[in-house]
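Below are some notes for a colleague who will look at this model with a computational eye. Please read them alongside the sequence and the coordinates.

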Amino acid sequence: MLYLVGLGLGDATDITVKGLAAVRGCSRVYLEAYTSILTVGKEALEEYYGMPLILADRDLVEQQADEILKDADVTDVAFLVVGDPFGATTHSDLVLRAVHAGIPYKVIHNASIMNAVGCCGLQLYNFGETVSLVFWTETWKPESFYDKICKNRKAGQHTLCLLDIKVKEQSVENMMRGKKIFEPPRFMTVGQAADQLIQIIERRREEGGGAG
């Protein structure tokens, strides 16, 4: 059985009772470590769960998923996700791979930023499409997230903006040279996100197209 277990949004104690029972009964436990993070590290989770954890980076989950699913038809394997298991499309892909391989799976849900954002006082029913704000580079500055924010605003809807994180990422140069050298972790701040939005507005105004 493959268990996809949501860990919630806070620390080690946010896992559900059902999720903890599943984790403690597994032969291998993977911790997805690139779409989001908790306020505590791997060691704190291992101590509370009483189980060793295998860090699953983007490469392992997206390129070597068969390693996670190995023997899951005859033993229990857990895949831990901060928030809710289906908060990222990558995890849906893992389920599809399990189904294709004839491996049974079970999802144990938990709190996600998609519903916890209600704590800001805005009604969840009035949120439009969620957007992700990614780190710009010198040669890559996408603006599609801004257009979606404008679309939501015109419809009278709020927008939940998910800010980019970079964990265990390679530079283009090292990637091209096949060097397994990783950049320091980066976490987009609200200020950085606002600066990118302002740059888009200013550029579009200069081009005479309005700010959206």
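1. Is D147 buried, partly exposed or exposed? D147 is partly exposed, with a relative accessible area of 38%, where buried stands for under 20% relative accessible area, exposed for over 50% and partly exposed for the range in between, taken with a 1.4 Å probe on protein chains only.

2. On provenance, this is a predicted model in which local features need pLDDT of at least 70 and side-chain atom pairs count only at pLDDT 80 or more, while totals for chains, interfaces and linings use all residues. Residues are numbered from 1 along each chain as its sequence is written, and side-chain values use heavy atoms, with hydrogens and water left out.

3. The side chains of D147 and R204 form a salt bridge at 2.7 Å, N to O (a side-chain nitrogen of Lys or Arg within 4 Å of a carboxyl oxygen of Asp or Glu). R204 lies in helix α9 (residues 190-206) and D147 in helix α7, so the pair ties together parts that are 57 residues apart in sequence; helices here are DSSP runs of H or I with at least four residues, and strands are runs of E with at least two, numbered from the N terminus. R204 counts as buried at 17% relative accessibility.

4. Both residues belong to a salt-bridge network that links E143, D147, R203, R204 and E207.

5. The whole structure holds nine salt bridges, and one of them joins K148 to E129 at 3.3 Å, N to O. Since K148 lies in helix α7 (residues 144-154) and E129 in the loop between α6 and β6, the pair ties together parts that are 19 residues apart in sequence.

6. Helix α2 (residues 42-49) has L45, E46 and Y49 as buried residues. These cover an arc of only 100° around the axis, which puts them on the same side of α2, the arc being that of the directions from the helix axis to the C-beta atoms. The face turned away from that buried side carries the exposed residues E43 and E47, and after α2 comes G50, whose phi is positive, near 70°.
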